[in-house]
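Biologist: Please show me the model, and then let us go through it one question at a time.

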Amino acid sequence: MRLLCCFLALLLGVSLSSQAEVAAGQCTEPLCWQVSPTVCVTDKLEQGCEAALRVIWFSDTPRTVCLYLAEQAERCWQEATSGQWQQQVNWQTGWLSLRQQQQVLLSAELQVLSRQPAKRRRVSGAWSIF
């Protein structure tokens, strides 16, 4: 069982690093990233979203940056040209940002959509003869 866990962890690490290498080759800007997912669908809008959020970023120069989720620092990198972060999180609609000190370098909106349509309001009153 322990051997299986080690194998799965190694396989996940290889998968993430190969995805990062492919994404780095597609990066044409001085700083870019991939965020997945940015949209989550739930049964009810007020329950929020629970999903494995993944961020991979790349820079052409070494940077000291931090990843923020809803104004809370999740992970920081010191003088790095790339970074990866993945975690199971529960979020409401909000923002994910990559910052150098307090300057926002990259940001993405995280949206939560509902399968239930919003309650429709009656446009006019009930029928009346008077």
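Modeller: This is a predicted model. In it, Asp43 and Arg115 form a salt bridge, with their closest N and O atoms 2.8 Å apart.

Biologist: How many residues apart in sequence are the parts that Asp43 and Arg115 tie together?

Modeller: Asp43 belongs to the loop between β2 (39–42) and β3, while Arg115 sits in the segment after β6. The pair therefore ties together parts whose separation in sequence is 72 residues.

Biologist: Is Arg115 buried or exposed?

Modeller: Exposed means over 50% relative accessible area. Arg115 has a relative accessible area of 58%, so Arg115 is exposed.

Biologist: And Asp43, what does it count as at 43% relative accessibility?

Modeller: Buried means under 20%, exposed means over 50%, and partly exposed is in between. Because its relative accessibility is 43%, Asp43 counts as partly exposed.

Biologist: How many salt bridges does the structure hold?

Modeller: Side chains of opposite charge can pair when their charged atoms come close. Besides the bridge between Asp43 and Arg115, the side chains of Arg99 and Glu71 meet in a salt bridge at 2.9 Å, N to O. The structure holds two.

Biologist: Where do Arg99 and Glu71 lie, and how many residues apart in sequence are the parts they tie together?

Modeller: Arg99 is in strand β5, which covers residues 94–100. Glu71 is in the loop between β3 and β4, so this pair ties together parts with a sequence separation of 28 residues.

Biologist: Which is Arg99, buried or exposed?

Modeller: The cut-off for buried is under 20% relative accessible area. Glu71 counts as exposed at 61%. Arg99 has a relative accessible area of 8%, so Arg99 is buried.

Biologist: Leaving aside neighbours within four places in sequence, which residues is Arg99 in contact with?

Modeller: Glu71, its salt-bridge partner, is one of them.

Conventions. Residues numbered from 1 in each chain as written. Predicted model: local features only at pLDDT ≥ 70, side-chain atom pairs only at ≥ 80, totals over all residues. Heavy atoms only, no water. Helix = DSSP H or I, 4+ residues; strand = E, 2+ residues; numbered from the N terminus. Contact = heavy atoms within 4.5 Å. Salt bridge = Lys/Arg side-chain N within 4 Å of Asp/Glu carboxyl O. Buried < 20%, exposed > 50% of the residue type's maximum accessible area, 1.4 Å probe, protein only.
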